[in-house]
There are 2 protein chains.
Amino acid sequence: MEGFEFYNPTRIIFGRGEHKKIGNYTASKGLKKALVVIGGGSVERIGVLDAVLSSLRHSGVEPYVLRGVKSNPLLSKVREGIELASKEGVHGVIGLGGGSVMDTAKAIAAGVEMKRAGKDIWDAFTGRADIENALSVFTIPTIAASGSEMNGYMVITDEVSAYKLAAGSIYVYPDISILDPELTYSVPQDYTAYGGVDAVCHLMEPYFNGPYPYTPIQDAISEGLMRTIMDAAIDCIRFPDSYEYRAAMMWGATLALNGLTKAGVGEHFFPVHLIEHAISALYDVPHGAGLAALLPAWMTFFMSRRPERIISFSKGVMGIVDDVGVDQIAALGIKAFSDWLKRINAPINLRDIGIKEDALGSIADNALVQARIWGMKDEWDKDAILTVLTMAIDWREQ
Amino acid sequence: MEGFEFYNPTRIIFGRGEHKKIGNYTASKGLKKALVVIGGGSVERIGVLDAVLSSLRHSGVEPYVLRGVKSNPLLSKVREGIELASKEGVHGVIGLGGGSVMDTAKAIAAGVEMKRAGKDIWDAFTGRADIENALSVFTIPTIAASGSEMNGYMVITDEVSAYKLAAGSIYVYPDISILDPELTYSVPQDYTAYGGVDAVCHLMEPYFNGPYPYTPIQDAISEGLMRTIMDAAIDCIRFPDSYEYRAAMMWGATLALNGLTKAGVGEHFFPVHLIEHAISALYDVPHGAGLAALLPAWMTFFMSRRPERIISFSKGVMGIVDDVGVDQIAALGIKAFSDWLKRINAPINLRDIGIKEDALGSIADNALVQARIWGMKDEWDKDAILTVLTMAIDWREQ
């Protein structure tokens with residue numbers, strides 16, 4: 001096990017109807033004014049926004065609302081939120097929605113403090129400035145996917161430069177996140193599937209790319225969570241109003257990226273996320289769909305780098321027991337994974353999401369910019385990225 | 001999944017040689033004076049105490065030392081520490097040792113604040129007072145076992161009344177715990193085994209007793225950790241100086257009782273710990289040895305209450321795949337578990353630790369006092385406790 005530091009100060013409140021108590025929780029942290037960030041309006045239609053606003057007012061917290069965060073959330077919306085939060089002098093930001101909404105809330109919380117210090121929030125994404133403070137962050141996720149509710153990461157797209165970049169800071173860990181599985185009943189089948197793919201991919205990246213050769217604790221937890229989330233995704237699609245399946249999906253997705261499974265596996269990158277961010281920055285496909293379209297090809301490619309990890313995955317997650325040689329076990333494992341993608345109606349290659357050969361060069365160039373910012377361009381250079389993309393165009397089971 | 005709250009603010013620093021940086025970490029929290037609590041002297045003999053004291057002094061933290069904490073730690077030693085810490089005006093308490101030392105450090109940290117408020121620390125154990133504040137707690141565990149390094153629990157024995165009781169508070173979560181697997185190389189074979197049994201039992205109690213019927217996330221994590229810790233215990237005994245096996249054991253034991261696996265399984269008690277605390281309060285056997293002596297009988301007894309959990313354990317942890325009927329799978333699972341106990345030279349029944357029939361009545365009476373304090377006497381009354389104890393006297397595989 002590689003040396004590590006693990007610290008996750010987010011308080012999780014999990015259960016039915018808990019979102020209606022957000023007022024108590026924010027008031028307990030001393031908030032008097034809060035900015036509530038939402039997306040396209042579904043939380044308004046199903047009455048969740050009203051419940052949240054009325055809980056806040058009831059607890060003496062004056063709410064302001066920022067509407068219209070899109071998936072692949074935009075820097076311009078973050079800037080709009082920073083202006084509003086600064087003008088109204090709010091003490092905290094509540095992200096009520098999916099990963100895009102929560103990430104926008106975090107970026108606003110950090111951006112207000114950066115603005116106060118004469119800095120610009122985008123510099124935290126390009127590596128030109130550090131986040132040194134933030135308003136209090138609270139989240140109420142409405143989809144099981146990003147894990148943003150229990151970590152210090154955020155991903156934002158600058159629509160001017162067309163780069164989708166990630167930033168992280170201890171200051172944007174949510175103080176409190178309320179996980180209420182009932183809020184996810186209305187997530188449609190496709191986004192339920194994409195959320196499952198995203199959560200599984202959050203587990204896969206450290207599992208495959210963490211360089212440390214002996215990590216039995218991390219492997220056991222990651223494999224167990226992958227199996228459980230994959231089952232839960234199928235169950236949630238079959239029974240969208242099942243509290244139990246939605247609860248398993250929600251807690252699984254949260255634990256998938258809360259730092260637990262990456263602690264101790266050694267320094268590693270998120271290459272599938274890297275390439276996907278380039279795809280969704282340029283083509284605005286849902287993040288989970290982009291990941292699904294890359295994963296079978298990426299795993300096939302990765303056999304040439306660390307076959308032992310693909311073998312472990314095939315046995316420990318996909319349950320392949322055949323004793324038929326390394327390549328065969330790996331092929332069966334990757335096939336079983338693509339069967340899961342098909343079963344939840346997710347893409348298995350780039351053609352499934354409408355991306356063709358002529359797009360690959362610009363996707364690779366875009367990904368390389370991020371690879372440079374993350375310091376990972378030695379391991380994931382343009383050749384490697386283009387190879388994965390080319391294999392992903394028409395990937396099909398061997 | 002039952003509703004739950006999860007909050008664990010302890011920062012973990014994991015790695016080789018990290019204990020030599022304790023001065024930096026305590027100074028970063030503003031400490032000027034710290035009380036270092038140790039046990040019987042092994043940390044002095046192997047030079048660890050010197051390294052810790054010199055790191056503290058180097059960072060401008062003046063250390064005071066409380067020596068002589070015994071296993072099954074005593075209230076009188078806690079009181080001695082409260083006096084010393086109060087007199088010297090220390091700002092934090094560092095537990096450098098095993099679970100007994102860490103629990104004593106926590107009790108001193110809470111006890112100093114209770115004394116200041118005119119209250120007595122033992123009242124927090126008997127339920128007559130709440131802990132409302134504590135000095136900063138830091139821990140440097142020297143054995144993988146109790147999990148005290150990442151939770152808010154402590155167990156103390158009052159030698160006058162002969163009761164071993166537990167207390168818990170958010171205020172005694174360590175601020176920072178330094179996990180350095182090298183410090184556990186010198187743990188002898190028997191205590192390495194007892195530590196493994198303790199950690200596995202911390203996972204078993206919520207796994208078996210949590211009443212919620214559908215907890216796939218918790219089951220996956222618990223089963224994975226149990227398997228890994230059981231393997232690591234065997235490996236650590238074979239290769240006591242292996243960094244990798246000691247690291248797996250150490251992180252596994254920490255995660256086994258940090259609140260993660262109990263969150264969502266519903267309200268439950270720790271009946272095996274309850275009965276064992278009575279045994280070690282009266283007979284001063286090592287806690288892990290007492291647990292081992294009870295577990296096979298307890299699991300056999302528990303088949304009459306929740307056979308489905310014993311079946312899950314047999315399949316998910318012990319790898320029993322035989323499709324031979326419920327009772328047979330359970331019997332094979334319990335046998336496989338007792339085989340593991342034998343393999344690490346742990347007891348499998350009460351006779352192995354020198355306890356005979358004539359002791360059972362007083363053990364049960366002692367356990368009942370704790371059962372009343374915990375509010376669990378309806379489910380675990382004297383009859384149930386005596387039945388488990390009687391089965392444990394000469395338990396052997398079916």
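## Working through the A–B contact and a helix crossing

The contact takes 30 residues from chain A and 30 residues from chain B, where residues are in contact if their C-beta atoms, placed from the backbone, lie within 7 Å. This is a predicted model, with local features needing pLDDT of at least 70, side-chain atom pairs counting only at pLDDT 80 or more, and totals for chains, interfaces and linings using all residues. Residues are numbered from 1 along each chain as its sequence is written, and chains are lettered from A in the order in which they are written.

**Exercise 1.** Find which element gives the most to the side of chain A that touches chain B.

*Solution.* Start with the elements (DSSP runs: helices are H or I, at least four residues; strands are E, at least two). Those of chain A giving two or more residues are strand 1 (4–6), strand 2 (11–14), helix 8 (216–238) and helix 9 (243–256). Helix 8 of chain A gives the most, with nine residues.

**Exercise 2.** Work out the sense in which strand 1 of chain A and strand 2 of chain B pair.

*Solution.* Pairing takes at least two DSSP bridges. Here there are three, and the sense is antiparallel. For one spot to look at, A:E5 stands opposite B:I13.

**Exercise 3.** Describe how helix 7 (residues 189–209) and helix 9 (residues 243–256) of chain B cross.

*Solution.* Take the axes (lines fitted to C-alpha atoms over the stretch in contact, with angles from 0 to 180 degrees between N-to-C directions). These come within 8 Å and cross at roughly 35 degrees. Next, list the residues: helix 7 of chain B brings, among them, B:G195 and B:G196, and helix 9 of chain B brings residues including B:G252 and B:A253.

How values were computed: Contact = placed C-beta atoms within 7 Å.
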